[in-house]
Amino acid sequence: MGSPWKGFVEFTLPASPPTAFVSADLSSTSPVGLSLSPYGRSMSFDPGMLHNNGHTAYANGSGPGIRETGVVEKLLTSYGFIQCSERQARLFFHCSQYNGNLQELKIGDDVEFEVSSDRRTGKPIAVKLLKIKPEVLPEERISGQVVSSVPLNLDGKAAPGQVPTGSVCYERNGEVFYLTYTPDDVEGNVPLETGDKVSFYMETNKHTGAVSARNIQLVKKKQARCQGVVCATKEAFGFIERADVVKEIFFHYSEFKGDLEALQAGDDVEFTIKDRNGKEVATDVRLLPQGTVIFEDISIEQFEGTVVKVIPKVPTKNQSDPLPGRISTRIGFSEKELPFGEKDTKSKVTLLEGDHIQFNISTDRRDKLERATNIEILPDTFNLTKETREMGVIAAIRDGFGFIKCVDRDARMFFHFSEVLEESQLHISDEVEFTVVPVGSVKLFTKDMLSAQRNHAVRIKKLPKGTVSFHTQSEQRFVGVVEKEVVSASNKNTSPTKGKEKEAEEGVIAYEDCGVKLTVPYHVKDLEGGTYPQAGDKVEFCINEVKRTGHQSAVSIRVLNRNASNSRRLHGFVAALKDNFGFIETANHDQEVFFHYSEMCGDVDNLELGDTVEYTLSKGKGNKVSAEKVTKVAAVNGTGEDVGASVLAGKIIRPIRSVDPSQTEYQGLIEVTEEGGDKGQNYAFGIMGMTNKADCLQKGEHVKFQVCTVTQTGQKMACNVVPQRRAPVECVKDQFGFITYEVGESKKLFFHVKEVQDGVELQIGDEVEFSVVFNQRTGKCSACNVRRVSEGPKPVATPRPDRLVNRLKSITLDDASAPRLVILRQPRGPDNSKGFSVERKTRQPGVID
């Protein structure tokens, strides 16, 4: 093949090129063509060039018949532009130069053309265009997967004229390859999603060499992920309640991706459904954040209605309805009946037919079923149900259940805590109102527990104090004579530490009512005043009748006179109180007398140290003296009225016997320690000589006191004894601490922070004043009335070691070798803010935040 440059004549042009070039021989059939040199200074002449439709062909110097290839880059109504494949050039073309159906020509199509030049401008243009069919690889359909789908909306981010693309991938010899595709490459215009299985052919763009996918067919849609809530867990498997349909699905623990130990019923999960052995099972089970799965929408508005059908506590074999209860309500202008189940009540209180209730309406998102939920009994329901309400007092409380002492029944009534209407906790002696129902109409809690119980108390309502009364008391006062004196059932000679307190036998009072001679029993606890009635005493009383049994007894008994044979009554002061007995300090403050709680007239719980009592002495086995018929009376002067004005300082050389039971003497002794005429003199003291009767004065403690004279004996005794205790705080915990103070065998003394006066927060080393009290139940001493006297030394911060100080001084900001702290991630809360501004809380089932 000869050179295309053959026959060309090159010559040099003047500095200013001519404005026009004409043919050398106009009569010749061969036109003249001129071509500018790339340098602009020379021109090539080709006598073989021909005119073509007003354009000069072969402007690029190519010989006749040589064609180039390119890609349609821009396409408008009547013209377009082509990007050349073999060289860096962009050529204009007119649509009339396209040989074919112009409607089939698109941007990106490969074309073949010849190059010519525009007659007016001299610029190269493309002519005689032909569309080239793209070269494809062998027709082998490849299986792959959609990696990214074609975006449906580019939001103006795509360049003008740019076609949106997606990508697919396939595997060859362990390697994964990625190909692009356009919507036109998908057969049937099927929308593809990431993860879909597809098959396709590969196509190579001859111009760019890029390989793409075409003729894409959808093989299998990606398996959608479902959501649900774990509703049951077994030994090796469980069940999930689905969020898309009203149905449960099985899953094996091997399909759970996470910590199996943390999985529990109520957890939100997502999963994939697969068919195994003809049954649907959940696979690839993963946890979701709590509150993700919502089954129902609950109305904000609350409605009122009436229970027309209750849920049977013991379901029958044929019962298949999960919502067996029914509520009748009026919504708008129409009556409507709504179902409800066991979980739809706010509490476990038994519902009865006719109950007036308040509730919300729940609509299931899956099947649009409406039901009543958050059911709550309204206070006026007891007026509508016409049920018989009874009253009583809480007699015993156990773990989750208790017993009520009924006003109208002999037996105690069992109840479960779930039957309490109010959220407030019940305590022993609380007064309540309740309904009694047979065992068969309430759910069994413990079979063994209920085997002996035929009835239960349900729908329990707490009543104000004083509402419940087990008896009625006559307003009329009667007068009678003690016919039989109360005799204690306990043996006076029995050891005070053995056995529990026994109730005394009844006494008998004879009286007349409307001319009829009658008798009525009485008990010691029903006495009034400080006088203990004896046989022959004339008394005044009221009659009390028990509602349940009609049994009558005398109460509010007051002695009017007594015969001369009555024993002498003595006065004393409570010196010690033990578990079921105590000791009385005599009026002379020099001895103590034992008494048993069974001899106490009145409530023992109201008795405190230092209380004034009246009693009678009696001798038991072994001529041991004890007090009987003990009655609390109004307080009288303790150690006497003659109290010296001076305050002395002293030291305990012997405590009272209640502090040290091993000593034989009751009185304690104080030795004067301050300089003066009384130094070294000893003064006795008893329980009434102490300012704080509960204080536990130990041997060796320093005290301040005054001296008084006992009226009956003229003895000088210590009174207004106040201990002078000062000691440092050893340690302070959360709600308690210890003081460095020796009490008995212990080297430190316990105290509770509530015993610290003025709410001061004590620190280690603070010096405090305090009182010591003895706990009768535990046998240990503790501090009370703790008052800070002075603050302890402030803790001094330990100085930094010299090596660390020197190291810090040597480090500079420009020191590249210095250790640096780099913050990788700032702490953020659930709402993407610093810290946790939103309180975390447990999601309630069916409640939308």
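Phe750 stands opposite Ser782 in S54. The model is predicted, so local features need pLDDT of at least 70 and side-chain atom pairs count only at pLDDT 80 or more, while totals for chains, interfaces and linings use all residues. Residues are numbered from 1 along each chain as its sequence is written, and side-chain values use heavy atoms, with hydrogens and water left out.

Strands here are DSSP runs of E with at least two residues, numbered from the N terminus. Two strands pair if DSSP finds at least two bridges between them. Strand S52 (residues 749–752) runs parallel to strand S54 (residues 781–790), and 2 bridges link them. On S54 there is also an antiparallel pairing with strand S53 (residues 767–774), over 7 bridges. In that pairing, Ser771 faces Cys784 in S54.

These strands belong to a closed barrel of 5 strands with mixed pairing, in the order S50-S51-S52-S54-S53. Neighbouring strands of this sheet are turned by 50° against each other on average, direction ignored. Such angles are taken between axes, which are lines fitted to C-alpha atoms; they run from 0 to 180 degrees between N-to-C directions.

A closed barrel of 5 strands also runs S27-S28-S29-S31-S30, again with mixed pairing. Its twist averages 50° from one strand to the next. Strand S27 (residues 389–397) and strand S28 (residues 401–406) run antiparallel, joined by 5 bridges. Ala396 of this pair sits opposite Phe403 in S28.

Next come single residues. Buried means under 20% relative accessible area, exposed means over 50%, and partly exposed lies in between (1.4 Å probe, protein chains only).

| Residue | Relative accessibility | Class |
|---|---|---|
| Cys95 | 10% | buried |
| Cys169 | 16% | buried |
| Pro322 | 67% | exposed |

Why does Cys95 count as buried? Its relative accessibility is 10%, and the cut-off for buried is under 20%. Cys169 is buried too, because its relative accessibility is 16%.

How many disulfides are there? A disulfide is a pair of cysteine sulfur atoms within 2.5 Å. By this rule the count is 0.

Where is Pro322 found? Pro322 lies in the loop between strand S22 (303–309) and strand S23 (325–331). Pro322 is exposed, because its relative accessible area is 67%. In sequence, Pro322 and Glu342 are 20 residues apart. In space, Pro322 and Glu342 are 8.7 Å apart, C-alpha to C-alpha.

Definitions and conventions:
Helices (H or I, at least four residues) and strands (E, at least two) are DSSP runs, numbered from the N terminus.
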